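Subject: Model for your set-up, with notes

Hello,

Here is the model I said I would pass on. My notes follow it.

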Amino acid sequence: MKAPVADKRVELLFEVGCEEIPAGMLPKAEEEFRTNIEKLLTAESLSDGVSVETFSAPRRLTAWVRGLPVKQADIETEVTGPPKSVAYDSVGAPTRAAQSFAEKQRVHVSDLYLVQTAKGEYLAAKQVKLGRTAEQILIGILPRAVHDLTWPRSMTWTGLDGPRFIRPIRWIVAVLDGKSLQVSVAGIAAGRTTRGHRFLGSSAVNVSNFLDYEKRLQQNGVIIRPTKRQDKIAAELDAHAKKGSYSIHEDASLRKLVAYLNEYPTVIQGNFDPAFLSLPDEILITVMRDHQKYFAVENKSGELTPHFLAVINVGKDSKGLIRAGHERVLRARFADAQFFWQADQKCRLADYLPKLERVTYESRLGSYRDKVERIRTIGRWLTENWFNLGMVLAHVAEADRAAELAKCDLATEMVREFTELQGIVGGLYARAQGESDEIADAIYDHYRPVGLDDPIPRNLTGCAVALADKLDSVVGCFGVGVIPTGSSDPYALRRAALGIVKIILEKKLPVSLSLAIGAASKALLTHKPKRGVTPDQETQILDFILDRAKFVFREREGFGYDEVSAVFRAGADDLVDVQKRLVALKAIRKSKNFEPLAVSFKRIRKILEKANVAPGNSLHVNPELFENAAERGLHTAVRDAASKVQGQKRAGKFQEALETIAGLRKAVDHFFDGVMVMAENEAVRNNRLALLAELLREFTTVADFSEIGGEERH
Amino acid sequence: MKSKVKLEKRSKGLNFQDLILHLSHFWVKQGCVLQQPYDVEVGAGTMHPETFLRVLGPNSYRVGYVQPSRRPADGRYGENPNRLYKHSQFQVILKPSPVDVQDIYLKSLGAIGINLKEHDIRFEEDNWESPTLGAWGIGWQVLLDGLEITQFTYFQQSGGIDLDPISVELTYGLERICAFLQGVESVYSLRWSEDKTYGDIRLMEEQQFSEYSFDRSDAPAIRSEFELHEKQAKELLDGFKGVEGKERVRYPLLAAYDHCLKCSQLFNLLDARGVISTTERAALMARVRTIACRTAAAYLSQIGGASVQREARA
């Protein structure tokens, strides 16, 4: 009766053929395409033992699904009907009731059987819900796997009712087990015909399965696997380097980008006039990398050589026409850069300051000229503080000069053309015009760090300018209500806050975040646009920066979620201090007294919360009211430990302080063993609560133990 | 000997005027109306009513034309080999966008003498937006051996209105393409015709208009001209609201659009003169955009009315 479900497994090849998809979006789309298919298969109970791989090239997204069952498993259910007494007559023949039950269940009466239930014997019929075939299911889910891909900005190519995608979809290949699947995506019926490379292959290539597809595409000028394209590029870059006795100016993200920009990448070498080498390397490399996607090459001593390596999307350049074209484009670009380099320096960097009045930072926060004054003020405040703390490298005048010049390059032709060189160009011009290395480097570096892995400014002066700039951005923007949301952060405030955290931690700078925010608020009030920041906003800004700090401690420095919570709960304003406390906490966590004490602290916090006693309450402990040795003992232990801990904290010996606190475990355990906190007598009860409140208050200033051992949250 | 001379001539690439002729011919064969440049100063071929207005509404249309595009701030007194106060675009609109539009475009490159098999041609992401026209689209810049030669855009909005159907806009940078074909480094040494260079024909214009827009234009006068044109555009647009029936079809919205274009060009002149701050800049652009968007909306209702009338008469 039941057809044996063959354990046959089949393969699906699915390709979405498009006009050129932006290369930078392909890696994410490829990944999302895979998870979409996996999720949809799982939802259809069709994912057991199935492997999904996805690939992409500029004109296609491809999925290779292996091990697909040909159909869903059948689901058997049992339906009960009338009781035995009604179903069969006295001679055991089926009654009308049994016959109508069989009809209703669409089975023969002879297939009915009896089952024992709690209420007695009943007639039953077996029902099989047949699994749908993979073919039926795929026709439903494949369009969704495509449709559900998310893009930064999608488009329509037919009209408002038409499909939406990142670029027009032009063909679909769907082959299941060697046969084409009757599915339609974005209004296009799938077939088994793909298209080769635009210029190297045929525009109609028939395929029967993935391996066949991969092979035929290769014959038609498309390498479907991105890793293979990247390998081909790497091998050819190496070959050129070997042949030319130079090395590649390494650039991992460029390697990846060109692998996704080309369906058949080939590396060619071009050359440029060595006279251009008089331009700074930064400018030459930016022009080559960002504008032309070329690799720069350098000699053994790391100096650029007048060659470049371009990745082209065809197999060869036998006549050298492509090389000549790229060389010509680069020559014009370099000539522009050279023109800007000379034209910009007809006046001095400081002469660009008035022009900054015409460059708006944010409409309510005024121009960059206004921002410069605020950065100078904050920078002076920082460096004066550091100098007063005895930091000999804190140079107030140099930081002020660097801040004054830091934004001037925004008005230069060079930065207007090559915006990604902001800061760098200013630093180069400053040096060329005789500013000291310290100031030139500070200008050069002050946008740094631009990400988690980017280094911080090289010298302290650069750190001061960078901090001042970022503080002004965060405080100013929050002040006018420009607050980052999940999807929008137009002034890159997260990056700015992360930069603040990184600089303070890596340079171990003594900065009180609340005071620094206050200084930036004051600068905003005393300079244009003379806007105030409310105390609530200042708290919001501090929390915003601290959120970034928590992230850094957890994700970059490997502290546990509960450790970070415990230390931040004990107060966080000086991040270097926070870091020391975290290190101490992590070190002591392994000691035997620690975790049990943390449990006790948690208990104390709960008791106090339940009794509505805030840790900072004004209750005083009255030793006269103690009734037994355990509470007297705890009180003495707390007083002794408190004075010890204070001294250790002052000396920055956080680990010793925590060890002292951990030493309280015995006294705390005794207390809870022998004392009932919520005593009948109100005075006694309040006295005990006061003792616990004092304990919590005194010993949660390094880290709040009650946070420890909480569940990991992410 | 004779054949050698011929070969040399071929390898030199098309003259500037022949490039225009070849492109015109190619697109006429694709069913395009061959239009003429618009006779009001514009900054780009998109601003020609044949693009800005024709992409609105449901009617199919194919058109091609050269549009000299004035960008006062890009002038370099004729001293920079690549930058021009006024450059020429060859603009094509295909409405609705055909499914094989990329292939057709590539064939047009063949038609101007580019052997696709010997070069590296790619479509690199580049979305286009004109804040003053309330227009944007999705597409690419087409790179020929690393040189940007065409802007290829699927128009999504014009005058703030979602387009349906979608038009494709192709904008060829004629000077760049021609310099590539002829293998010259400076735009001024391009051969325009057999015996005249681009410099012979256009250098004086570059010098004088750079001098005018950077150094001699009368900013207060330009400001008041801007106000005047804006006022006329608004009055015309306001007047359209009350017009009914036959009057509606002949109501001069096209004149309102001309005033909008004037505003745009006057704004560019002020910008080149360096007399507007960034905040004012945004505000002026918004004023031009407002007129452009209102014109587009009014035009759409006007042509809607026109097609209804045609049906009624039929």
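I start with a turn in chain B. Strands β6(B) and β7(B) form a hairpin with two residues between them, and Asp145(B) in this hairpin takes a positive phi near 50 degrees. Please keep in mind that this is a predicted model.

One facing pair is Val142(B) and Thr150(B), the latter in β7(B).

The connection is another hairpin with two residues between the strands, and Gly159(B) in its turn has a positive phi of about 55 degrees.

How many residues of β7(B) are buried? The count is 10 of the 12 in the strand, residues 147-158, so β7(B) is largely enclosed by the rest of the structure.

α2 of chain B covers residues 16-29, 14 residues in total, and reaches 20 Å from its first C-alpha to its last, close to the 20 Å expected at 1.5 Å a residue. Its buried residues include Phe16(B), Leu19(B), Leu23(B), Phe26(B) and Trp27(B). These five lie on the same side of α2(B), because they cover an arc of only 90 degrees around the axis. Among the elements that cover the buried residues of α2(B) are the strands β2 (61-70), β3 (86-95) and β9 (168-173) of chain B. The helices α4 (101-111), α5 (174-182) and α6 (198-216) of chain B are also included in that cover. Just after the helix, Gly31(B) has a positive phi of about 90 degrees.

On the domain level, chain B is divided into domain 1 (2-213) and domain 2 (217-313). Their C-alpha centres lie 26 Å apart. The contact between them involves 23 residues of domain 1 of chain B and 24 residues of domain 2 of chain B. The domain 1 side of this contact has 12 nonpolar, eight polar and three charged residues.

Then the contact between the chains. It takes 27 residues from chain A and 28 residues from chain B. On the chain A side, β7 (155-156), β18 (304-312) and α9 (321-344) each supply at least two residues. α9(A) gives the largest share of that side, six residues. By class, the chain A side divides into 13 nonpolar, nine polar and five charged residues.

Last, a sheet in chain A. Five strands form an open, antiparallel sheet in the order β2-β3-β1-β9-β10. At the edges stand β2 (51-57) and β10 (179-180) of chain A; each has a single partner strand, so one side of each is left without a neighbour in the sheet. The partner of β2(A) is β3 (residues 60-69) of chain A, and the two are joined in the antiparallel sense over seven bridges. Within this pairing, Ala57(A) has Arg60(A) of β3(A) as its bridge partner.

Regards

Notes. Residues numbered from 1 in each chain as written. Chains lettered and ligands numbered in written order. Predicted model: local features only at pLDDT ≥ 70, side-chain atom pairs only at ≥ 80, totals over all residues. Helix = DSSP H or I, 4+ residues; strand = E, 2+ residues; numbered from the N terminus. Expected span 1.5 Å × (residues − 1). Buried ≥ 20, exposed ≤ 12 C-beta atoms within 10 Å, placed from the backbone. Arc of directions from axis to C-beta. Contact = placed C-beta atoms within 7 Å. Nonpolar A, V, L, I, M, F, W, Y, C, P; charged D, E, K, R; others polar. Domains from an automatic or database assignment. Pairing = 2+ DSSP bridges.
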